[in-house]
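Opened the notebook to look at how the strands pair up in this one.

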Amino acid sequence: MKKRITSIIAAILMIVSIVNILPVITASAEDYGDYNYTILDDETIKITKYNGNASDVDIPNIIDDKKVTIIGQQAFTNLDSLISVTIPNTITTIEYAAFYHCDNLADVSLSNGVSTIGNSAFEDCKSLTDITVPDSVTSIGNYAFAWCISLENVTLPDGITSIGAGTFRDCDALTTITIPDSVTTIESFAFYRCHKLTSVTIPDNVISIGNSAFEDCSNLASITIPNGITIIGEYVFAWCKNLSNVTIPNSVTSIGAGAFRNCDALTTITIPDSVTSIDDYAFYNCDRIKSVIIPKSVESVGDYAFGYRSDESIPKVKDFKIKCYADTAGEKYAVENEFDYSLIKGSAQLKYQLRVNDNETTDVRFVLIADEQDIIAADSASVNATIKDYGDTDSIVIKRAYRSIMASGKTITADTGKVFLIGKFIGIPDDMINGITAHFTLGENTYEITIII
C-alpha cells in the first residue's frame with residue numbers, strides 16, 4: 001500500500017514539474033479608448049468589443065499605429081444607444097453578429113474595402129432603412145440583415161455569388177430588390193416573409209433557389225424562374241397570395257412540396273415537358289386554378305398536388321379539370337382523386353393500350369391516341385366505331401366516364417373521348433372478340449385497331 005501511495009505521489013510531482021517547465025500562454029485584450037482589441041498575426045487590429053454609449057460612432061482605421069481590419073463577433077451587439085456607424089475602408093471583415101440587435105441603428109456607412117459580411121452581422125437592426133453594400137463585398141452571410149423590419153432599400157454589388165439563408169428574412173418594409181447577375185444561388189428563407197416585396201428580378205445565372213426562399217411574400221405579383229433552375233424547392237413561393245403570373249422554364253425537372261401552396265391569385269400554370277415529379281401540396285389551395293395540363297414526362301404526382309383546398313367542408317376546387325396523357329402519372333392522379341379529366345394526344349404515332357379485366361364480361365380497355373388531332377379537343381366531336389365480325393350478337397356496350405350507351409348494329413357513335421370500355425354480353429366466346437377490328441373515323445382521318453385478348 002505504501003509503495004502504491006508513493007508511486008501516486010511521484011506521478012503527481014512529475015506532472016507538476018512538467019507543467020512548471022511549460023510556457024504560460026495568456027490572451028488579454030488591449031484597450032484603446034472605448035475599444036477592446038487584439039493584435040493579429042499580420043500585425044493588424046481586430047476590434048473585439050465596444051464599451052461606449054455614443055449615438056454616432058466612427059470606427060478608427062488605425063490603433064497604435066496598426067491598421068484596423070476586423071470588427072469581431074458581437075463587438076457592438078445590443079447597443080441601444082447606437083444610431084449611426086461609419087466603417088472605414090481598412091475593414092475587410094465584419095464578423096458574426098457584430099451589430100446584432102442594435103435596435104436604434106438607422107444609418108450604416110460601409111466603405112469600399114469590406115469583403116465579408118458575416119452571419120447575422122446586422123440582424124434585428126429594427127431602425128435600419130437603407131443599406132448599400134460596396135462593390136468590394138464578395139460574401140454576405142446567413143441572416144446578415146434578417147428582421148431589419150424598416151429596411152426599404154438595398155443595393156447589392158456584382159461581386160457576390162450567393163444570397164445566404166435568411167439574409168433578408170422578415171424585412172417587412174422591403175418593396176423591391178435587384179439581384180446581381182453574378183449571383184448563382186439563393187438559399188433557403190433568403191426573402192422569407194418580406195410582405196411588401198412586390199418585384200424581384202432573378203438573373204439567368206441563378207441555378208439554385210432554396211426552400212421557402214420567397215415564402216409568404218404576400219405582395220409579390222409575378223416571378224420568372226430562370227432557365228438554369230432544375231429544382232423548385234419546397235414552399236419556395238408558398239403563401240404568395242398576390243402571385244398571379246409564374247413562368248416555369250423547360251429546365252425544371254422537379255416541383256417541390258408546397259412550392260406554390262396558397263397562391264390565391266394564381267389562375268393558370270404551365271407545367272413544362274421537362275418536369276418529372278410534382279410533390280405533395282405543390283399547388284394546394286390555389287382555388288383559382290380550374291384546370292391543369294399534366295405532361296407525359298411527369299412520373300409522379302404527390303398527394304393533394306392539384307385541385308384541393310383547405311376548406312374541409314368543400315375540400316376540392318369546384319369544376320377542377322385535368323388534361324393528361326393515357327396511362328401516365330397524370331391520369332393516375334385524376335382517377336385516384338376522382339377528378340374530371342380528359343386525355344390528349346400523346347405520341348408521334350398511334351399507340352394502343354389493351355387491358356383485360358378478370359370478370360365474366362371480359363371487358364377490354366383500349367386507348368386511342370391520335371398523332372395529329374386531339375379527339376377530345378372539340379366538344380361537338382364524335383367517334384364513329386365500326387366493329388366487324390363479332391358473331392351473331394347485334395348489341396355491345398360502350399362506357400365512358402362511368403356513363404353507358406347501348407348500340408345496335410355495326411356502327412356506334414359515342415361521346416367525345418379516347419377511353420372506352422367495350423364489354424361483351426355473357427355468352428359471346430372470347431374467340432369471337434379476339435381479332436375484332438375497330439375503325440375510328442374523325443373528319444378525314446380513320447384509325448384502326450385490332451383487339452387482341
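Ground rules first: I call helices (H or I, at least four residues) and strands (E, at least two) from DSSP runs, numbered from the N terminus. Two strands count as paired if DSSP finds at least two bridges between them.

Note on the source: this is a predicted model, where local features need pLDDT of at least 70, side-chain atom pairs count only at pLDDT 80 or more, and totals for chains, interfaces and linings use all residues. Residues are numbered from 1 along each chain as its sequence is written, and side-chain values use heavy atoms, with hydrogens and water left out.

Entry one. I looked up an open sheet of three strands, and the order reads β4-β7-β9 with parallel pairing. At its edges I find β4 (56-58) and β9 (107-110), each pairing on one side only. On average, neighbouring strands here are turned by 5° against each other, direction ignored. (Axes are lines fitted to C-alpha atoms, for helices over the stretch in contact; angles run from 0 to 180 degrees between N-to-C directions.) I then checked β7 (residues 84-87), which pairs with β9 in the parallel sense over four bridges. Ile87 sits opposite Leu110 in β9.

Entry two. Another open sheet of three strands runs β24-β26-β27, with parallel pairing. β24 (291-293) and β27 (340-343) each have a single partner strand, so one side of each lacks a neighbour in the sheet. Neighbouring strands are turned by 15° on average, direction ignored. I found four bridges between β26 (residues 321-324) and β27, in the parallel sense, and Lys323 opposite Ser342 in β27. Helix α2 (residues 329-336) packs on this sheet and touches β26 and β27; contact means heavy atoms within 4.5 Å. The direction of α2 makes about 150° with that of β26.
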